Amino acid sequence: DSGYGWTVDEANTKFEELFHKISPFIFRKKIEQVIDNLPDKSYQKIILELDDKEQSIYNDIEFGAYNEFTKAEEKNKLTIMLRLRQFTSHAKIKYICELIDNVIENNEKLVVFDVFKDSLKLIHEKYKNCSVLHTGDEKIEDRNEAIKSFQDKDSNVKLFLSTFASGNFGITLTEASKMFLLCLPYSLGEYSQAASRIFRIGQRNN
């Protein structure tokens, strides 16, 4: 009681009480505890620099975004920032294609995830003969066929291109042991789920 006739009941003061109430009904195990023969999983961050032309374009987009931030308060700030993220996603394509070439030359398969469909479609155009798209725009039958052909050891499909929204749960892509994440979603759980598409039962390689 605050002394003024009303009560303050903030949620963060109730977290411990809530935990003790629900703990008898929650049982969590990590995948590593349940499946003891999975290979190692590791992440590698690759830092890329914009060239002068790209940096100039980025600066222009950033300046426009700044103006919208200050003058259009009713607009969603994350939506405005998406333009910057989308541009950097596009800028990564030429570098990611070099890495893709190396993996395919070694006769390996790999998965590429991105937030943006158009970046994936540009990569697909370059690797049309050996890649499949799973962006949510395709028919469900076509998406299922894309997964099936990628998982087929004898198929010529070496590259699986997916958005986080369409492919971060419920599918198995264990024919690949490498995955590239171009532009990360805001949620840690979303890209952790995406990484689990190749890190599950059936995976034999680190």
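Close-up 1. Glu17 is partly exposed because its relative accessibility is 37%, the classes being buried under 20% relative accessible area, exposed over 50% and partly exposed in between (1.4 Å probe, protein chains only). Glu17 and Lys21 form a salt bridge in which the closest N and O atoms are 3.0 Å apart. A salt bridge here is a side-chain nitrogen of Lys or Arg within 4 Å of a carboxyl oxygen of Asp or Glu. Both residues belong to helix H1 (residues 15–22) and are four residues apart, about one turn of the helix. Helices (H or I, at least four residues) and strands (E, at least two) are DSSP runs, numbered from the N terminus. The structure is a predicted model, in which local features need pLDDT of at least 70 and side-chain atom pairs count only at pLDDT 80 or more, while totals for chains, interfaces and linings use all residues. Residues are numbered from 1 along each chain as its sequence is written, and side-chain values use heavy atoms, with hydrogens and water left out.

**Close-up 2. Salt bridges of helix H3.** The structure holds nine salt bridges, among them one between Glu54 and Lys94, with the closest N and O atoms 3.3 Å apart. This pair links distant parts of the chain, since Glu54 is in helix H3 (residues 52–71) and Lys94 in helix H5, 40 residues apart. Glu54 is buried, with a relative accessible area of 12%, whereas Lys94 is partly exposed at 39%. Another salt bridge joins the side chains of Glu68 and Arg83 (2.3 Å, N to O). Glu68 lies in helix H3 and Arg83 in helix H4, so this pair ties together parts that are 15 residues apart in sequence. Glu68 is buried, its relative accessible area being 17%, and Arg83 is partly exposed at 40%. Salt bridges with shared partners join Asp51, Glu54 and Lys94 into one network.

**Close-up 3. The buried face of helix H5.** Helix H5 covers residues 93–105; at 1.5 Å a residue its 13 residues should span 18 Å, and its end C-alpha atoms are 18 Å apart, which agrees. The expected span is 1.5 Å times one less than the number of residues. Ile93, Ile96, Cys97, Ile100 and Val103 of H5 are buried. Seen down the axis of H5, the buried residues fall within an arc of 120°, so they line one face of the helix; the arc is that of the directions from the helix axis to the C-beta atoms. Their cover includes helices H4 (77–91) and H6 (117–126), and strands S1 (109–114), S3 (159–163) and S4 (176–181), where contact means heavy atoms within 4.5 Å. After H5 comes Asn107, whose phi is positive, near 60°.

**Close-up 4. The four-stranded parallel sheet.** Four strands form an open sheet in the order S2-S3-S1-S4, with parallel pairing. Strand S2 (131–134) and S4 stand at the edges, each with a single partner strand, so one side of each has no neighbour in the sheet. From one strand to the next the twist averages 20°, with axes being lines fitted to C-alpha atoms, for helices over the stretch in contact, and angles running from 0 to 180 degrees between N-to-C directions. Strands S1 and S4 run parallel and are joined by five bridges; two strands pair if DSSP finds at least two bridges between them. The bridge partner of Phe113 in S4 is Leu181.
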